[in-house]
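Hello,

Here is the structure I promised to pass on to you.

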Amino acid sequence: MSSRFSDAPVSAFSRRRFLQGSAATVALGSMPFSMSLLSRGALAQSGQREILSGSHWGAFKGVVEDGRAVEFKPWAKDPHPTPMLEGVRDSIYSASRIRYPMVRRAWLEQGPGADPDSRGDGDFVRVSWEEAVDLVAREITRVRDTYGQQAVYGGSYGWKSPGKLHNCKTLLRRMLNLTGGFTSSIGDYSTGAAQVILPYVTGSIEVYEQCTTYPVLAEHTELMVYWGCDPRNNSQISWQIADHGAFAGMESLKEAGVETISIDPLLTQTCDYLDGEWIAPKPQTDVPLMLGIAHTLYSEDLHDQEFLDRYTSGFDEFLPYLTGEADGQPKDADWAAELCGLEADTIRDLARRFANHRTMFALGYSMQRQHHGEQSTWMLVTLACMLGQIGLPGGGYGLSYHYSSGGAPTHESPILKAIGDAAGGGDGGSVDESGSDIMIPVARFVETLLNPGETMDFNGNEIELPLVKLAYWAGGNPFAHHQDRNEMLRAWRELETFIVHDFQWTATARHADIVLPTTTSYERNDIEQLGDYALSHVVAMKKIVEPQFEARSDFDIFADIADKMGKGYEFTEGRSEMDWIRGFYEGAKIEARAKGMEMPVFDVFWESNEPLGFPLKDEQKYFVRHEAFREDPILNALGTATGKFEIYSRAIAEYGYDDCPPHPTWLEPIERLDGPTTRYPLSIASNHPRGRLHSQICGTSFRETYAVQGREPCWLNPQDAAERDIRDGDVVRVFNDRGQLLAGAVVTEAIMPGVIRVQEGGWFDPVKPSEIGSLCSYGDVNVLTPGIATSKLAQANCGQTGVADVEKFTDDLPEVTVFSQPSPRDAG
């Protein structure tokens, strides 16, 4: 895009003027976006082409030579390209690529449910696409006829790929809706606890909503507190196409000299970049730390009582707990220090610094992915309310700085519509996430398989867990993101059929009965927006190379299955891939016109090979979260029962849950570092990985940039390493009662004593796949984490709860096999 188009309304250019400009090289500087005609010619002479596309890792140009993608070049205007793009490119050609439709031999020869113990052992048979589609259609019909529609689970939870058409989760649910219904899920693993508690506290889920923007922070914030929050790592990726705007934002904080504190067991990349102060409490003790700070604020009269009176509800009900009047234990700094391992004076000092500066709290997601994880989010909002800076420029809290460049200003752009999970409407139909009347909390699927017919509490309701016999996954990897892998293996034996779409032989695909090979995003066409929060551009996600082997797009696969079941036309609505994409663009074009902007016609946009940019208005550039509420709390009331921040919730009080009281409370987790019931000496930090997106691109050559002796890294402090005679680079066994794994030791001062870090998303690779409890040879941390729920309120996951021990591994090293074909004689 030329700067003129990006900075000015699109309406400044008529279609006629645009076409006239595109006809002459000399006019390129005045075009809405540059067509790069001269460089194209040079590329053509060299036998190369550059094709625009996009990914979770950013917009890029795929350099193609002789039909092969030889390089993914970051878009020229990406402010901070990620090196992971090389792994993204390699995903097309990796050794773990699924080449053909495959069926587990026992299932194919003996029928559904046969020999469930052999799932994962790699014994697959290649079948034709025609046979595969027929098997899937017949099996869905059989399970519905035998058990009812609720026995089909349309799981497909996961990060899939960006794009408004090839959203495999939506496409799966669209097919299942059209052909008879299914059991669905609600919530997510990322923010499962926070997104349930926050509507009671702040009136919205907040975790995916815009924060106060970085230009405001740079100008007004005096103290930036990253609490379990590392955007320098996590903003490399986005749910849509990454814009990497947080990197420019953090650069502005650095240039402005904003004081920074990082509260985290790990020295984060963000803290290191900003030369921040590192404070390391024991994991899972953030609530006591916050309570100790709150007690100091109250006892030293540093809190803002006027803000509490006008903008909050329930502080008076919370106060007896804070002061100890209710239970005899004041939640003061001395009490908190005993639990979190910090000096009491440090806690009191934090309270005074927070109160005496314009302070912004940036909260990460990890704290709410813990036992009783609802409490940390609730308590942080309470702490911000006591400081009274919410709605002021540069003060308050932000729950989206954690990833996807939350805080990058939002542009004046139209919203691209997407295909829906139900047919009809002409614009893609419904975009409802549920797609079903039968829904279970997403993190409770294993519990559902093991306990059909039992009742579960959830967010003020009771759910009867359905009998599920067929699970269908597309675009997700439950054998990476779910906790307690061995309990999961037990549960999976209750399934008669497990169907998976993927392009790589993940552990999930290896444990399937029917495996259908799909295209990567780079072997099909789509359209998407740039930046989850910025929404600065529309990007043509153009097909870079032809599909490898026999891969097909999810859209085509589900269309064929729907057709086999008599609903083919209803699924596609008679539209091709490009028909849908054109329709999404034309819908946005109409919305843009209503905003006073004129977008180019679709063909011009598509052929331009450049993202289409939109302007940024000052009111969005300088957006302040909750500013309108602060100015008029009646006219701009929050969505809570009282219209205010609720420090005490009467609705939650009525539920009577023993594991989620009606105000923020310290509740002892099932296990923690130095906890009263803990059997193992080290706490596990299962943070977001530094070299991939959850489990994505783990199966590519980029893994070699961080693996240690071919294993997932395990960080440990030199003190803990010395006590175990472990040296940097050793292979270690990490173990507890739930499981065991191998990893490569990284001995570093960047992690506090008593804590180890094994990043989540490592591919599960059991040495003996049919044996529950087998050693994982690569390093899937979720063989160690518990599968319990955060509470009856949210029923979310506890991926950041867990303790273990580490020892040097001295036996013969087992081979890592998960990154290759599961069975060469059958996989072709």
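Below are some notes on helix packing, strands and salt bridges.

First, some ground rules. This is a predicted model, in which local features need pLDDT of at least 70 and side-chain atom pairs count only at pLDDT 80 or more, while totals for chains, interfaces and linings use all residues. Residues are numbered from 1 along each chain as its sequence is written, and side-chain values use heavy atoms, with hydrogens and water left out. Helices (H or I, at least four residues) and strands (E, at least two) are DSSP runs, numbered from the N terminus.

Helix packing

Let me start with helix 17 (residues 344–356), whose axis comes within 8 Å of the axis of helix 13 (residues 286–299), the two crossing at roughly 65°. Axes here are lines fitted to C-alpha atoms, for helices over the stretch in contact, and angles run from 0 to 180 degrees between N-to-C directions. On the helix 13 side, Leu289, Gly292, Ile293, Thr296 and Leu297 take part, and they meet Ile347, Arg348, Leu350, Ala351, Phe354 and Ala355 of helix 17 (contact means heavy atoms within 4.5 Å). By class, this contact has 8 nonpolar, 2 polar and 1 charged residues. The classes are: Ala, Val, Leu, Ile, Met, Phe, Trp, Tyr, Cys and Pro as nonpolar, Asp, Glu, Lys and Arg as charged, and the others, Gly among them, as polar.

Helix 17 also packs with helix 16 (residues 333–340), at an angle of about 120° and with the axes 8 Å apart. Ala333, Asp334, Ala336, Ala337 and Cys340 of helix 16 make this contact with Ala344, Ile347 and Arg348 of helix 17. Its residues divide into 6 nonpolar, no polar and 2 charged.

Strand 2 (residues 58–65) is joined to strand 3 by 6 bridges, and Lys61 stands opposite Lys73 in strand 3.

Strand 17 (residues 470–474) is worth a look too. Here 5 of the 5 residues are buried, so the strand is largely enclosed by the rest of the structure. Buried means under 20% relative accessible area, exposed over 50%, and partly exposed in between (1.4 Å probe, protein chains only). Leu470, Tyr472 and Ala474 cover one side, with Ala471 and Trp473 on the other. Strand 17 pairs in the parallel sense with strand 6 (residues 152–154) over 3 bridges, and 5 bridges join strand 17 to strand 18 (residues 497–502), also running parallel.

Salt bridges

The structure holds 49 salt bridges, each a side-chain nitrogen of Lys or Arg within 4 Å of a carboxyl oxygen of Asp or Glu. One of them joins Lys792 and Asp658 (2.7 Å, N to O), which lie 134 residues apart. Lys792 is partly exposed at 25%, whereas Asp658 is exposed at 63%. Another joins Asp805 and Arg724 (3.0 Å, N to O), with Asp805 in strand 29 (803–808) and its partner 81 residues apart. Both ends are buried: Asp805 at 19% and Arg724 at 18%.

Best wishes

Definitions and conventions:
Two strands pair if DSSP finds at least two bridges between them.
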